[in-house]
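Biologist: Let us go through this model together. Show me the structure, please.

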Amino acid sequence: MVAKVLALAGLLAAVVSPTHAHPTALQKSTNRYDYIIVGGGTSGLVIANRLSEDPSVSVAVIEAGDSVFDNVNVTSAGGYGKAFGTDIDWAYKSSPQAHATNETQTLRAGKALGGTSTINGMY
């Protein structure tokens with residue numbers, strides 16, 4: 001399990017490098033980081049970016065989803081809602097809601113680098 005976590009961290013460490021490398025320009029993985037951020041959503045990436053401003057600090061980001069830089073449903077200005085129900089949407093289901101005739105609700109959450117911002121038109 002530790003090896004898998006470190007492999008994921010190595011894959012995404014380039015995102016928050018001080019040189020602002022593109023995620024496909026992966027840096028050599030290391031087995032030690034000063035900080036490991038779990039969750040590559042908007043907040044996690046902001047924290048990782050701020051921490052990486054100090055060149056003496058190493059930061060890794062672990063994200064369950066992939067990069068969606070090439071997904072037209074995310075990058076197109078008219079793509080809002082097109083990613084709903086796809087592999088980059090966690091699509092959590094609520095418990096039955098007593099004040100909504102016991103219906104369940106779908107709660108959207110992005111499973112991609114960028115988090116829910118990737119599927120709600122903010123990417």
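Modeller: Buried means under 20% relative accessible area, exposed over 50%, and partly exposed in between, with a 1.4 Å probe and protein chains only. Strands (E, at least two residues) and helices (H or I, at least four) are DSSP runs numbered from the N terminus. This is a predicted model: local features need pLDDT of at least 70, side-chain atom pairs count only at pLDDT 80 or more, and totals for chains, interfaces and linings use all residues. Residues are numbered from 1 along each chain as its sequence is written, and side-chain values use heavy atoms, leaving out hydrogens and water.

Biologist: Are the residues of strand S2 buried or exposed?

Modeller: S2 covers residues 59-62. Val59 and Val61 point one way, Ala60 and Ile62 the other. On either side, they are buried.

Biologist: Which residue of S2 does Ile36 stand opposite?

Modeller: Strand S1 (residues 35-38) pairs with S2 in the parallel sense over four bridges. Pairing requires at least two bridges found by DSSP. Opposite Ile36 stands Ala60.

Biologist: Is Asp89 buried or exposed?

Modeller: Asp89 lies in the loop between helix H3 (72-75) and strand S3 (92-93). Its relative accessibility is 7%, so Asp89 counts as buried.

Biologist: Which backbone nitrogen does the Asp89 side chain reach?

Modeller: Contact means heavy atoms within 4.5 Å. Beyond its neighbours within four places in sequence, Asp89 has contacts including Phe84, Arg108 and Ile119. At 2.9 Å, its side chain reaches the backbone nitrogen of Ala91.

Biologist: How does Leu107 count by relative accessibility?

Modeller: Leu107 sits in strand S4 (residues 106-107). Its relative accessibility is 44%, so Leu107 counts as partly exposed.

Notes: A polar contact is a pair of N or O atoms within 3.5 Å; within protein, one must be able to donate a hydrogen and the other to accept it, and residues adjacent in sequence count only if both atoms are side-chain atoms.
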